[in-house]
Amino acid sequence: MGIRIRKVAVLGAGVMGSGIAAHLANAGIPVLLLDIVPPNAGPGERNKFALSALANLKKARPAPLFSAAPLRLISVGNFEDDFGKLKECDWVIEVVKEDLKVKQAVFAKVEANIRPGTIVSSNTSGLSIKGMLEGRSETFRKNFLVTHFFNPVRYMRLLELVAGVETDPAVMAEIARFGEAVLGKGIVYGKDTTNFIANRIGTYGMMKVLQGLSAAELSVEEVDKVFGPAMGRPKSAVFRTADIVGLDTFIHVAKNCYDTLVHDEDRDTFKIPAFVEQMVARGQLGEKSGAGFYKKVKGEGGKSDIHVLDLGTMEYRAQKKVRFESLGAAKEVEDLGERIATVMKGTDKAAKFAEKTTFETLAYASRRIPEIADDYVNIDRAMRWGFGWEMGPFQVWDAYGVKAGLERMKTLGLKPAAWVDEMLASGRTKFYEVDKAGNDSFWNIPAKVSAKVQENPSFVRVGYLKRGNKLISENYAASLWDLGDGCTLLEFHTKMNSIDDGIIEMMEKALEETEANHRALVIGNDGAHFSAGANIAALLWAIKESNYEAVRALVKRFQAANQRMRYSPVPVVVAPFNLTLGGGAEATMGGNAVQASAELYMGLVEVGVGLIPGGGGNMQLLRNLYGRFSTDRDFDPLPFLKKCFLSIGTAKVATSAEEAAEAGFLGLEYGISMNRDLLLHDAKGRALGMANAGFRPPRPTQFRLSGKSGYATIDMMLYDMQLNGQVSEHDRKIGQKLASVLTGGDTSPLSTVSEERLLELEQEAFLSLCGEEKTQARIEHMLVNGKPLRN
């Protein structure tokens, strides 16, 4: 068909529409954002709504944009003056009011202004495709589908696709490809039913919680404690999620279910409880109104505190400490599935409530196939990607035990779908199994056979390498895998992937093995984070023992490993994602190139524990920012030094890969993968591409630095900041050590400083700060409280 999406129009500049536009711009796609003309608009005010949306994008939190740069790809207009510009667009996304007549009028106008072949979609959360397409031509209907994004668009991975009866399969295929590869979305295929998949199941589960609260004798904060991370759900759990979404929005979704699902056997579940209607009548809508189930209040001394709504009195009160034996037992269980099962099999009232409401949701989900989806794989994906569950409903059921769960449901008087019994009777004991070929399989319900779970063949996961016996070498901290085609993968797997002796040892072994028998090396993993930094607990232990030689040896070895990666004869590509801090950032900057996940939170944050980077980070960032000009006498080093100093000295953390590139953390050789599941595939492609192109390692950098004069300039700034109370005496000392490294020590702009000399200066500065009592206090505070201490 040759469909190619180069420019997109978004119709409707509200929170959802502007969020979609922002994420398209994040992906590098030019966007036309249109909205209605404001009533009584004067000259220059006809685009006011769309312009206001742009202004809101700049200040919204969490940030919908990767950085300020994508904003330049969004142009604005209005429905009256600019519909003619739709001819420039390959895809038009409607995000107007959830009103059938309004949407029908918009689509009539869209059809009159688009060119043949333009894809048109609606972001409706539940209106029928048949109704929206009333009066539209056959060609329009063939190119139409539902594309249901979730808010906030940048962070919520789910994109539900729903085809109409006449939708061209090639249109569905292209939007699925574009959504997955270009926008980084997880694609789920739904049916043209009320609220599709995620909102249907998610709303049902939340309504079951609301309706069962009174009988369970649980408070708001107790429920949120139960249905948070202990059950593999987000920290926002149930009531905090409702506050974020907005109670008015939540009620709209639930009411839509109740009004339209007249044949649903559990229709009454979607009736709004009286206390929720009372809250809405009182204007307690959640975050948007300043109060919902939770409310921020000013406590003693002006300190903010979060109070909770007491559903007995309907008044706010201080939160109570939540303790349940079942949650305490689950806290000791690392495996997620076992942890969820531990909670559900507990004997206290929290466990009983978790068990009952979870089984009610699982049974309901089983009965919705094939009504809302063809299989449970799409339901599980929808709940993971749209509601932030770590495990989908059927994965939870697997963790509990399918047969045991089925028997328990029947004891509780619940009725799961008959196909579950049929699956067990066939001899299959789990919803998900690994077949003989090493593929994930599921139970194909209509065919009554096992089938391969379908996903992009370009997805690369360490789990697949394990099944294929691709292990080359390993220790407790890291493993080296054969990625195929002459490429290896170094995987970290310590807690939070923190850097320690074991990881450094495997960095060295990975290079030895790859240089001897392979062509390229990728460093990446399947964890929650690439690496949260160095193992500061081990560092503190060595400091407490006054074993500074061990600290020196560790620092020197990590520096050497990073340098060896940089100058290895084989290309080393690092694939960072999510938290990439401290030592994780240094390992990243040690590679020849970076293939980063778009969602990257990267920085050199050692000042938070009273230190400066010790694995080469000072020199690496300076090399990235200043390296191309570092021997050119026409360039003053001070502006580069200042940028570097402020990044490290303020523990700056870039909040996207694009920001990390702008800050200099990624250097010049980098790419960005919008979809995390494609990250290792893309990194491997980059590494082999470099090898195939005749890779040659770079030459070490020489630096012209300002020496004592530059140090004096920076220290004067620190002195002023100390006088003004902006930094403490200890902060200034840290800044002085950092300045002494970045300015090159005893040098002048007339001579050059080598990378090795800067690493020596870094070692000495790092070790001297390790001996500071206040540094040790900061490390201890970080280990206990998880946040920096100011002193």
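**Note on the predicted model: loops, core and rings**

1. Proline 62 has its place in the loop between helix H2 (48–59) and strand S3 (74–78), where helices (H or I, at least four residues) and strands (E, at least two) are DSSP runs numbered from the N terminus. The peptide bond that leads from arginine 61 into proline 62 is cis, with omega near 0°.

2. Residues are numbered from 1 along each chain as its sequence is written, and side-chain values use heavy atoms, with hydrogens and water left out.

3. As to the overall form, the protein chain has 31 helices and 25 strands, and its C-alpha atoms fill a box of roughly 80 × 65 × 65 Å along the principal axes. The radius of gyration of the protein chain is 28 Å, which agrees with the value near 28 Å for a compact globule of 791 residues; the radius is taken over C-alpha atoms, and the globule rule is 2.2 Å times the number of residues to the power 0.38. Of the 791 residues, 55% count as buried, where buried means under 20% relative accessible area, exposed over 50%, and partly exposed in between (1.4 Å probe, protein chains only). Among contacts (heavy atoms within 4.5 Å) between residues at least 6 apart in sequence, 71% join residues at least 24 apart.

4. The largest nonpolar core has 87 residues, and those with the most contacts inside it are Phe293, Tyr376, Phe394, Trp419 and Phe431. Helix H7 (residues 198–216) gives the most to this core, with 9 residues. Apart from it lies another core, of 53 residues, which includes Leu540, Tyr626, Ile648 and Leu759. A core here is a set of buried Ala, Val, Leu, Ile, Met, Phe, Trp, Tyr and Cys residues joined through side-chain atoms within 4.5 Å.

5. Which residues are in contact with tyrosine 376, leaving aside its neighbours within four places in sequence? They are Ile369, Phe394, Trp419, Phe431, Tyr432, Phe442, Trp443 and Ile445.

6. The structure holds 27 aromatic pairs, a pair being two rings of Phe, Tyr or Trp (its six-membered ring) with centres within 6.5 Å, counted as stacked if the planes are under 30 degrees apart, as edge-to-face if over 60 and as tilted for the rest. The rings of tyrosine 376 and phenylalanine 442 have centres 6.0 Å apart and planes at 90°, so this pair is edge-to-face. Because tyrosine 376 lies in helix H15 (residues 376–387) and phenylalanine 442 in strand S13 (residues 440–444), the pair ties together parts that are 66 residues apart in sequence. Phenylalanine 442 is buried, with a relative accessible area of 9%.

7. The rings of phenylalanine 629 and phenylalanine 640 have centres 5.7 Å apart and planes at 35°, so that pair is tilted. Phenylalanine 629 lies in the loop between helix H24 (617–626) and helix H25 (637–649), and phenylalanine 640 in helix H25, so the pair ties together parts that are 11 residues apart in sequence. Phenylalanine 629 is partly exposed at 21% relative accessible area, whereas phenylalanine 640 is buried at 18%.

8. Two charge placements may also be noted. Lysine 109 lies over the face of phenylalanine 83, at 4.8 Å from the ring centre, and the charged end of arginine 267 sits over the ring of tyrosine 258, 4.1 Å from its centre; the criterion is NZ of Lys or CZ of Arg within 6 Å of the ring centre and within 35 degrees of the ring normal.

9. How many disulfides does a search of the whole structure find? It finds 0 disulfides, with a disulfide defined as a pair of cysteine sulfur atoms within 2.5 Å. Cysteine 257 counts as buried at 0% relative accessibility, and cysteine 487 is buried with a relative accessible area of 0%.

10. Most residues other than glycine have a negative phi. Glutamate 217, although not a glycine, has a positive phi of about 55°; its place is in the loop between H7 and helix H8 (220–226), and it is exposed, with a relative accessible area of 61%. Methionine 496 likewise has a positive phi, of about 60°, in the loop between strand S17 (487–492) and helix H20 (501–517), and is partly exposed at 42% relative accessible area.

Notes
Predicted model: local features only at pLDDT ≥ 70, side-chain atom pairs only at ≥ 80, totals over all residues.
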